[in-house]
Amino acid sequence: MIGIIEKTVDVKHTHSTMEAIWFYLTSLVVLVGLSTVIFHILGMAGVVTGVTGFFGGHEMHTLFGTGFILVLSSLILTGRKLTGDLFSILLVVLGVYLGYETSILLGLIPVAILTTLRK
């Protein structure tokens, strides 16, 4: 089971369209799980207050998700040596913008598209 997830989120591999969809779904599940658990623990500790579930759209989840998009995109860019490709960098900027301004669900789409680009 871990091998399947590891293959799905491999940032150095060029994905097909179906693999990119699985990458999107797996990244979304990981993001929702991490964000929910982290903010639940921080809420119990009294560090943050008023944070509901991930899909409630709280600003803390938005900031965490935007950071997740930025880190994941950076891993893809450096792992596949696409840091000099302007289109790839624009996809990262678009993903971070969409993640922050609209929804994390939309922000992960350019990241999934980024995994289909060839070196």
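Helix H1 contributes the most to the lining of the largest pocket, giving four residues, where helices (H or I, at least four residues) are DSSP runs numbered from the N terminus. The structure is a predicted model, in which local features need pLDDT of at least 70 and side-chain atom pairs count only at pLDDT 80 or more, while totals for chains, interfaces and linings use all residues. Residues are numbered from 1 along each chain as its sequence is written, and side-chain values use heavy atoms, with hydrogens and water left out.

The pLDDT, the predictor's confidence in each residue on a scale from 0 to 100, averages 87 over the protein, and 94% of the residues score at least 70. Confidence is lowest in helix H1 (residues 2-8), with a mean of 72, and highest in helix H4 (residues 86-101), at 94. Where pLDDT is low, the predicted coordinates should not be read in detail.

Ten residues line the largest pocket, and Ile4, Ile5, Lys7, Thr8 and Trp22 lie nearest its centre; a pocket is an open set of points on a 1 Å grid over the protein atoms alone, where a 1.4 Å probe fits, with protein on both sides within 12 Å along at least five of seven lines, and lining residues have an atom within 4 Å of a point. The elements that give two or more residues to this lining are H1 and helix H2 (17-45).

Ser27 lies in helix H2 and is buried, with a relative accessible area of 3%, buried meaning under 20% (1.4 Å probe, protein chains only). Ser27 touches Val9, Phe68, Leu72 and Leu108, not counting residues up to four places away in sequence, contact meaning heavy atoms within 4.5 Å.

Definitions and conventions
Buried < 20%, exposed > 50% of the residue type's maximum accessible area, 1.4 Å probe, protein only.
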